[in-house]
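The sequence and the model are shown below.

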Amino acid sequence: MADKVIIPKISDELTDHYLSKKGYEVITIDNPGQKDILNLAPDAAAVMMVSKKISNDIYRQMPNLKILARRGVGYDNIDVDFAAKQGVWVTNTPGANAHSVAEMALMNMLQLRRQFRLVDKLTRDDQWVGAYQLLGQDLTAATIGIVGYGHVGQELARLLTALGVKVIIYDRKQKSSPYGKFVSWQKMFETADIISLHLAAVPETRHIVGDREFQWMKPESAMINLARGQIIDEQSLIWALQNKQIAGAALDVFQQEPIDKTNPLLKMDNVIVTPHIGANTQQANQKMAMIAAKMIDTVLRGAAPKYAVNNPII
């Protein structure tokens with residue numbers, strides 16, 4: 001009998017039904033969540049995850065489960081250490097979405113420098129002259145700060161350097177790079193005109209950007225976060241924006257997702273908001289889905305996956 005595998009419908013399509021062709025019984029759903037998984041196939045051997053949280057009590061209800069394959073990079077929606085104790089692999093897809101996320105960060109930088117959010121609003125409100133009079137700034141006149149120099153940070157630095165933009169970098173592990181200069185944490189926030197966050201969501205990075213960092217920033221500077229909402233102390237960010245401590249922000253992630261409709265960030269003309277779509281391109285999703293599918297096939301064939309984020313007791 002073929003192993004059952006639950007995967008997102010779009011992932012099945014983007015991989016040209018890779019797992020079905022490998023002989024697995026594939027069950028598709030839009031975005032697998034714990035309730036859906038248990039209703040559809042509690043006897044499944046593998047699940048390809050997108051973003052919904054998986055609790056630790058799922059394992060006793062899924063005795064055949066061998067792998068949770070994250071279609072993406074972050075895995076903060078799974079307790080990977082607990083999964084390992086249950087003998088379940090957790091994998092991710094490092095680097096598969098790096099270019100798409102870097103492109104979006106670059107787009108946000110251009111929007112912030114040209115005050116696109118306000119220009120668009122004024123134009124739609126029949127304030128043509130007012131919109132025209134809003135002078136923007138060239139991106140090449142800015143110093144861009146990249147916090148976190150993994151796959152996304154490196155790709156963003158490469159794109160910015162190709163455009164002739166000055167780049168400074170902060171990472172806990174300094175490494176040589178032809179695309180920017182490494183600086184200290186404080187120097188990053190004091191110097192950069194735009195700071196783009198690309199850190200992993202781990203306990204050490206929770207609210208790592210807060211009151212102190214916003215006080216260091218220049219009043220004409222801006223913040224971009226395409227990583228995880230918990231990295232920024234959101235209340236500190238709101239205060240900094242409301243009190244003109246910084247000039248603007250572009251946010252793809254939030255403390256609570258979906259964002260609450262009463263959140264003050266939604267009403268600010270100097271804030272660009274998007275619903276966690278940094279990697280939401282066909283190309284990135286195809287790469288992520290294929291890597292995740294191959295991790296599932298590897299584990300179900302009895303081998304260790306290349307992109308494991310835990311080490312199960314088997």
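Met62 lies in the loop between E3 and E4; helices (H or I, at least four residues) and strands (E, at least two) are DSSP runs, numbered from the N terminus. The model is a predicted one, in which local features need pLDDT of at least 70 and side-chain atom pairs count only at pLDDT 80 or more, while totals for chains, interfaces and linings use all residues. Residues are numbered from 1 along each chain as its sequence is written, and side-chain values use heavy atoms, with hydrogens and water left out.

At 2% relative accessibility, Met62 is classed as buried (buried is under 20% relative accessible area, exposed over 50%, partly exposed in between, with a 1.4 Å probe and protein chains only). Leaving aside residues up to four places away in sequence, Met62 is in contact with Ile37, Leu38, Ala41, Pro42, Ala44 and Val47, where contact means heavy atoms within 4.5 Å. From Met62 to Asp297 the separation is 235 residues in sequence and 18 Å in space, C-alpha to C-alpha.

Val47 also has a place in the sheet: Ile6 stands opposite Val47 in E3. Strand E1 (residues 4-8) and strand E3 (residues 46-49) run parallel and are joined by two bridges; two strands pair if DSSP finds at least two bridges between them. The open sheet consists of five strands in the order E2-E1-E3-E4-E5, with parallel pairing. Strand E2 (25-29) and strand E5 (89-91) each have a single partner strand, so one side of each is left without a neighbour in the sheet. From one strand to the next, the twist averages 15 degrees.

Helix H12 (residues 282-300) lies across E1, E3, strand E4 (67-70) and E5, and runs at about 160 degrees to E3. Such axes are lines fitted to C-alpha atoms, for helices over the stretch in contact, and angles run from 0 to 180 degrees between N-to-C directions. Helix H12 contains Thr298, which is buried at a relative accessible area of 14%. Beyond residues up to four places away in sequence, Thr298 touches Ala303, Ala304 and Pro305.

Another parallel pairing links strand E10 (residues 222-225) with E11 over four bridges, and Ile224 stands opposite Ala250 in E11. In strand E11 (residues 248-251), Gly248 and Ala250 point one way and Ala249 and Leu251 the other way, all of them buried.

Two spaces in the model are set out in the table. On a 1 Å grid over the protein atoms alone, a cavity is a set of points where a 1.4 Å probe fits but cannot get out, and a pocket is an open set with protein on both sides within 12 Å along at least five of seven lines; lining residues have an atom within 4 Å of a point. Grid points are joined across faces, edges and corners, and a volume is the space filled by probe spheres set on the points.

| Space | Volume | Lining by class |
|---|---|---|
| Second largest pocket | about 450 Å³ | nine nonpolar, seven polar and five charged residues |
| Largest cavity | about 40 Å³ | five nonpolar, two polar and one charged residues |

Here Ala, Val, Leu, Ile, Met, Phe, Trp, Tyr, Cys and Pro count as nonpolar, Asp, Glu, Lys and Arg as charged, and the others, Gly among them, as polar. The residues lining the largest cavity include Asn225, Leu237 and Leu251.
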